[in-house]
Amino acid sequence: MQKLFLASLFKDVAQIFLDFANENLVGKTVTFIPTAAMPEKLDFHVKYSMELLSKMGLIVDGLDISTAPHLDIRKKLENNDYIYVTGGNTFFLLQEMNKSGAGDLVKAQINAGKLFIGESAGAILLAPDIEYAKDTDNPLAAPQLKTFEALNIIDFYPVPHYKNDPLKEAVETVISKYGTELPLVPFSNSQAILVIGKEKQIVSAPSF
């Protein structure tokens, strides 16, 4: 059964993740894929997320799918307990998923029931197609991308950072363009989409 945790900004919904995982995380391993962040220079954000996972007790096993050998990609995805895909440029992420063969491996692990954490671009990746993200992400970052067809794990289209700067206006553009033709699911930085099997719900982090 699929178990997916989709976030706009993981640090804002970390407590929701702890509740969702519903198990002792100490000593568990997570394949951490920062590849989407490469074109966007989001090093600080990636480092912060890795530290946050480590504080939860997880062993973070980094995997840049744009440079790692296929055998390493397969081993880490198959052997580690969770998969985490960071935010960044969705088009670059899909390009590298396709080139490396990681996309099929990730899909197989998700379908086998491995918990998947997708943050922003990592959430969009699971949609049937990512063309709708052109207003929030730059497709020119992925000159070798031949198709917008994505992992097609979910039957809806996540729209992260709803009502959050600096992408607030770009997200509204996406909604106005595609809202009548695609089943969009906008969600803010303080919300997560939880998917178990075919059931999904949006959960908001408590505000203090």
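**Close-up views of a predicted model**

**View 1. The largest pocket and its lining.** The largest pocket of this predicted model has a volume of about 460 Å³. It is lined by 28 residues, and those closest to its centre are Leu42, Gly88, Ser120, His161 and Leu167. Helix H6 (121-124) and strand S6 (157-159) each contribute at least two residues to the lining. By residue type, the lining of this pocket splits into twelve nonpolar, twelve polar and four charged residues.

View 2. In soluble globular proteins, nonpolar side chains tend to be buried together. Here the largest nonpolar core holds 46 residues, and Leu4, Leu6, Met97, Phe116, Leu126 and Tyr132 have the most contacts inside it.

**View 3. Strand S4 and its two partners.** In a regular strand the side chains alternate between the two faces of the sheet. In strand S4 (residues 82-85), Tyr82 and Tyr84 point one way while Ile83 and Val85 point the other, and all are buried. Strand S2 (residues 29-33) runs parallel to S4, joined by four bridges, with threonine 31 opposite isoleucine 83. S4 also pairs with strand S5 (residues 115-119) in the parallel sense, again over four bridges. In that pairing, tyrosine 82 stands opposite leucine 115.

**View 4. Helix H4 and its surroundings.** Helix H4 (residues 90-100) is largely enclosed by the rest of the structure, because nine of its eleven residues are buried. Among the buried ones you can look for Phe91, Phe92, Leu93, Leu94 and Met97. The buried residues of H4 pack against S2, helix H3 (70-79), S4, helix H5 (102-111) and H6.

**View 5. Backbone details in two loops.** Most residues other than glycine have a negative phi, and most peptide bonds are trans. The loop between S6 and helix H7 (168-178) contains proline 166, which is joined to aspartate 165 by a cis peptide bond with omega of about 5°. Histidine 161 is also found between S6 and H7, and has a positive phi of about 65°. This histidine 161 is buried, with a relative accessible area of 13%. In the loop between H6 and S6 sits asparagine 152, whose phi is positive too, near 55°. Asparagine 152 counts as partly exposed, at 43% relative accessibility.

Definitions and conventions: Residues are numbered from 1 along each chain as its sequence is written. This is a predicted model: local features need pLDDT of at least 70, side-chain atom pairs count only at pLDDT 80 or more; totals for chains, interfaces and linings use all residues. Side-chain values use heavy atoms; hydrogens and water are left out. On a 1 Å grid over the protein atoms alone, a cavity is a set of points where a 1.4 Å probe fits but cannot get out, and a pocket is an open set with protein on both sides within 12 Å along at least five of seven lines; lining residues have an atom within 4 Å of a point. Grid points are joined across faces, edges and corners, and a volume is the space filled by probe spheres set on the points. Ala, Val, Leu, Ile, Met, Phe, Trp, Tyr, Cys and Pro count as nonpolar, Asp, Glu, Lys and Arg as charged, and the others, Gly among them, as polar. A nonpolar core is a set of buried Ala, Val, Leu, Ile, Met, Phe, Trp, Tyr and Cys residues joined through side-chain atoms within 4.5 Å. Buried means under 20% relative accessible area, exposed over 50%, partly exposed in between (1.4 Å probe, protein chains only). Two strands pair if DSSP finds at least two bridges between them. Contact means heavy atoms within 4.5 Å.
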